[in-house]
Amino acid sequence: MMAAVDKIKIVVVGDSGVGKTSLVHLICHNETTSNPGWTIGCSVEVKLHEYKAGTPSQKTYFAELWDVGGSTSHENSRAIFYNPVHGIILVNDLTNRKSHHNLREWYEYDPEQFAGNQIPIKVVGTKSDLAQNLRENVLTKSSSMAEELNLKVSG
């Protein structure tokens, strides 16, 4: 008999063009994508994830990653993708200072939904390969935003 698999929903949000689709594809397929399209509304990818693999407390999760389009023209319809949610990935482009500043708006998108909840939230900075040539240390900027929001940082 097969063990039950719990389903979890993670929303991936950030400004348009920051690399959310590429990040989700990398997580789910363990490979890069050379030509991601623009996400209109939402796109869902799935992955079976072995939590604590190889330990007595190993558990299999069916993870749905909801890549929510970042275009401001769809701002009013995003709420339908947020309920229920088990995790949030906030994405910013390390070469785009505005996307970094907008992380707070994405984090505070639906305060009633997330306030007081223990929802795991992670900040991911993309395009670090392109950011290496920038004069300003954008990784430090992402770290400071994540610390301000009490979040983890990945780059």
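## Helix H1

Helix H1 spans residues 20-29, and its buried residues are Lys20, Leu23, Val24, His25 and Cys28. The model is predicted. An α-helix has 3.6 residues a turn, so residues three or four places apart point the same way.

The cover over the buried residues of H1 includes five strands: S1 (6-13), S2 (42-51), S3 (59-68), S4 (87-93) and S5 (121-126). Just after H1, asparagine 30 has a positive phi of about 55°.

S3 is largely enclosed by the rest of the structure, because seven of its 10 residues are buried. Buried here means under 20% relative accessible area.

S3 pairs with S1 and with S2. S1 and S3 run parallel and are joined by seven bridges; aspartate 6 has tyrosine 61 in S3 as its bridge partner. S2 and S3 are antiparallel, with 10 bridges between them. Phenylalanine 62 in S3 stands opposite leucine 48.

## The chain as a whole

The protein chain contains six helices and six strands. In sequence order they follow the pattern β-α-β-β-β-α-α-α-β-α-α-β.

The chain has 155 residues, of which 35% count as buried. Taking contacts between residues at least 6 apart in sequence, 69% join residues at least 24 apart.

Terms used: Residues numbered from 1 in each chain as written. Predicted model: local features only at pLDDT ≥ 70, side-chain atom pairs only at ≥ 80, totals over all residues. Heavy atoms only, no water. Buried < 20%, exposed > 50% of the residue type's maximum accessible area, 1.4 Å probe, protein only. Helix = DSSP H or I, 4+ residues; strand = E, 2+ residues; numbered from the N terminus. Contact = heavy atoms within 4.5 Å. Pairing = 2+ DSSP bridges.
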